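Keep the viewer open as you read.

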Amino acid sequence: MEEMNVFTGKTVDEAIDAGLAMLGITREEAEIVVLEEGKKKLFGSVKAKVKVEKRASDAKRAADFIDGLMEILKLSAVSEIQESGDNIVIDIKTTDSAKVIGKRGDVLDAIQCIAGAVANIGRNEYKKVVVDCENYRSQREETLKELAEKLAKKAVEKGRKMTLEPMNPYERRIIHSALANNTEVKTVSEGKEPNRYIAVIPNNAKPYDKGIRYGEKKPFGARNDNRRREVRGEKNFDRRAGRGGRPTGGNGGAKRGKKEIYFGTFLGNSGAKEE
């Protein structure tokens with residue numbers, strides 16, 4: 001019984017040509033393995049033998065890689081390919097999408113990164129590969145767009161720069177694009193990979209503003225602590241003052257009623273001596 005896609009000829013080239021003609025493909029579309037080179041013997045000759053198969057497409061290679069990875073991870077899944085020009089979309093159908101997607105898509109992003117490398121093996125021009133699962137990409141995009149609008153509104157209301165948590169380049173592009181036509185704010189990327197993040201800066205931001213992280217809250221009671229510190233300072237001044245209105249110790253040269261300016265947040269009594 002002859003092996004499938006195995007062809008023979010007097011020479012290797014003749015055997016390859018026979019295989020290409022039978023499959024109706026060109027050499028560029030074929031994967032060729034030489035099984036035996038033809039040679040002449042004292043009596044007769046041995047024919048060349050080659051195996052010729054149609055080369056898997058870039059998308060098929062990437063999908064096969066993903067299917068193999070799912071088997072290693074012991075996940076029941078199958079990959080579906082949607083190819084359009086230089087763009088490849090591979091949708092993973094699975095009963096355990098949470099494990100495939102991961103926290104905020106980190107597992108899905110890792111699969112996409114490696115699948116893109118597999119699809120572009122031997123190519124001079126890069127093909128974009130998008131790996132999706134349970135329509136996660138489009139849902140995440142809508143979430144980020146809503147977050148961008150909400151953050152821009154909050155930045156304008158507070159007059160302060162607001163920053164988001166670190167994101168990958170794809171998600172940062174969504175935020176930039178969502179606020180590109182907003183006339184009240186501008187967006188910039190700051191930090192270094194993999195902790196690069198987006199800052200939303202309102203046009204009315206104060207020049208000395210260092211910004212706050214979105215969702216960040218001030219320490220509980222910070223404002224009251226500052227107020228208590230100011231009040232305690234006034235009482236101490238009064239306690240040190242004599243009947244003539246002059247302080248009896250401490251900062252002897254200070255004038256009564258002089259206002260002190262504090263920067264930062266008072267975090268309680270640390271035991272340090274107050275100036």
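**Starting from isoleucine 90**

Leaving aside residues up to four places away in sequence, isoleucine 90 touches Ala59, Ala62, Ala63, Ile66, Ser79, Glu80, Val129, Val130, Val131 and Asp132, with contact meaning heavy atoms within 4.5 Å. A word on the source: this is a predicted model, where local features need pLDDT of at least 70 and side-chain atom pairs count only at pLDDT 80 or more, while totals for chains, interfaces and linings use all residues. Residues are numbered from 1 along each chain as its sequence is written, and side-chain values use heavy atoms, with hydrogens and water left out.

Ile90 is also one of the residues with the most contacts inside the largest nonpolar core, which has 19 residues; Ile66, Ile92, Val100, Leu108, Val129 and Val131 are the others. A nonpolar core here is a set of buried Ala, Val, Leu, Ile, Met, Phe, Trp, Tyr and Cys residues joined through side-chain atoms within 4.5 Å, and buried means under 20% relative accessible area with a 1.4 Å probe, protein chains only. At least two residues of this core come from each of α2 (58–72), β7, α3 (97–101), α4 and β8; α2 gives the most, with 5 residues. (Helices are DSSP runs of H or I, at least four residues, and strands are runs of E, at least two, numbered from the N terminus.) There is a second, separate core of 14 residues, including Ala152, Ala155, Met162 and Ile174.

Ala152 and Ala155 are among the buried residues of α5, along with Tyr136, Arg137, Arg140, Leu144, Ala148 and Leu151.

The structure holds 1 cavity of 30 Å³ or more; on a 1 Å grid over the protein atoms alone, a cavity is a set of points where a 1.4 Å probe fits but cannot get out, and lining residues have an atom within 4 Å of a point. Volume is the space filled by probe spheres set on the points, which are joined across faces, edges and corners. The largest cavity is lined by Arg104, Gly105, Asp109, Tyr136, Arg137, Arg140, Asn168, Tyr170 and Glu171, and α5 supplies the largest share, 3 residues.

Notes
Buried < 20%, exposed > 50% of the residue type's maximum accessible area, 1.4 Å probe, protein only. 1 Å grid on protein atoms, 1.4 Å probe; cavity = no way out; pocket = protein on both sides within 12 Å on 5 of 7 lines; lining within 4 Å.
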